[in-house]
Amino acid sequence: MARVTTSMGFTIPHLLRSACRLCPAQSALVVLRHCASCYCTANGTIQSKRKMDHLERTANNFRQEVISQAKVCGITNESQTVKRLRLAIANKEFTFKAGQWVDFFIPGVSVIGGFSMCSSPALLEREGVLELAVKYTDHPPARWIHTECTLDSEVALRVGDLHGYQESKGNGYKTGTVTLYYSAKSTSELLFKKNILGLMTAFPGKITCRFHVTQQSSPICEELQPHVTEGRISEKDLEKHVSKDTLWYICGPPPMIESISKLLYKSGVHRNCVFFEKWW
């Protein structure tokens, strides 16, 4: 999503894209000063007269030609509604860039899934595995992951790219600062919070985070308390990060994208500085 460095600019938005696109209880805003800022959210439910399937929505997007076999080598409950799959990739030539997604083929299931990777390309290079975070829904691929998938289940993957494949040409940006606004109903639904706290510790002064909770009923743990705000991400949160050196990357359902885009434009952000997707 956002490009700062491989470890910073890709990793946070990449994790959150998966959390937001696949887990509609979560929302997030990432602000990368001097390079990019990202807003990712998925509060509410998208409603339409006819819900297009994944392949229809992404028919015009670039895809790698190779379909690679993969085996489930780990299943973790990230929350009560979200499972993280760890997949061992059989094809040594399989690669992806942060911000891409995969077509997810399941034997015996006719519907093709579309999921974002929540792990970095570096993990694939080191260990030959990638990870997906999938929220439970009645969509056949998601339902299969939550109800039928087991260790050693075999699937197939094909990498897709939202904007078409382009070799990195460098953009001349220097590493800046990252401010992450991440919202969910409660702290239990804040996926990857430990990873995010770890990044803040690893990059002091470069990465900061505010977790927003909208329906918290239980006490907030001591570790999170300094970073938690009750209530939604506000217009004021956006306005204080507006500058000519900031880019905004939006990920979430179309109504959210339209709403946040309007707020940004109203605050003086140029349209060329706002990037988003509506492929799901």
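Here is a short chat about a predicted model of one protein chain. Residues are numbered from 1 along each chain as its sequence is written. Local features need pLDDT of at least 70, side-chain atom pairs count only at pLDDT 80 or more, totals for chains, interfaces and linings use all residues, and side-chain values use heavy atoms, with hydrogens and water left out.

Visitor: How many helices and strands are in the protein chain?

Guide: Helices (H or I, at least four residues) and strands (E, at least two) are DSSP runs, numbered from the N terminus. Going by those runs, the chain has seven helices and 14 strands.

Visitor: What share of the 280 residues is buried?

Guide: Buried means under 20% relative accessible area, exposed over 50%, and partly exposed in between, with a 1.4 Å probe and protein chains only. Of the 280 residues, the buried share is 51%.

Visitor: Which residues of helix H4 are buried?

Guide: Helix H4 runs over residues 140-147. Its buried residues get their cover from parts including strand S5 (82-89), strand S6 (101-106), strand S7 (109-116), strand S8 (129-135) and strand S9 (154-161). The buried ones are Pro 141, Ala 142, Trp 144, Ile 145 and His 146.

Visitor: Why does the pair of Phe 104 and Trp 144 tie together separate parts of the sequence?

Guide: Rings of Phe, Tyr and Trp (its six-membered ring) pair if their centres lie within 6.5 Å; planes under 30 degrees apart count as stacked, over 60 as edge-to-face and the rest as tilted. The whole structure has three aromatic pairs, and Phe 104 with Trp 144 is a tilted one, at 6.5 Å centre to centre and 55° between the planes. Phe 104 sits in strand S6 and Trp 144 in helix H4, so the pair joins parts that are 40 residues apart in sequence.

Visitor: Are Phe 104 and Trp 144 buried or exposed?

Guide: Phe 104 has 0% relative accessibility. For Trp 144 the figure is 9%. Phe 104 counts as buried, and Trp 144 also counts as buried.

Visitor: How many residues apart are Tyr 182 and Phe 211?

Guide: Their ring centres are 6.1 Å apart with the planes at 50°, so this pair is tilted. Tyr 182 belongs to strand S10 (residues 177-184) and Phe 211 to strand S11 (residues 207-213), which puts them 29 residues apart.

Visitor: Which residue lies over the face of Tyr 265?

Guide: A charge sits over a ring if NZ of Lys or CZ of Arg is within 6 Å of the ring centre and within 35 degrees of the ring normal. Here the distance from the ring centre is 4.1 Å. The residue over Tyr 265 is Arg 271.

Technical notes. Contact = heavy atoms within 4.5 Å.
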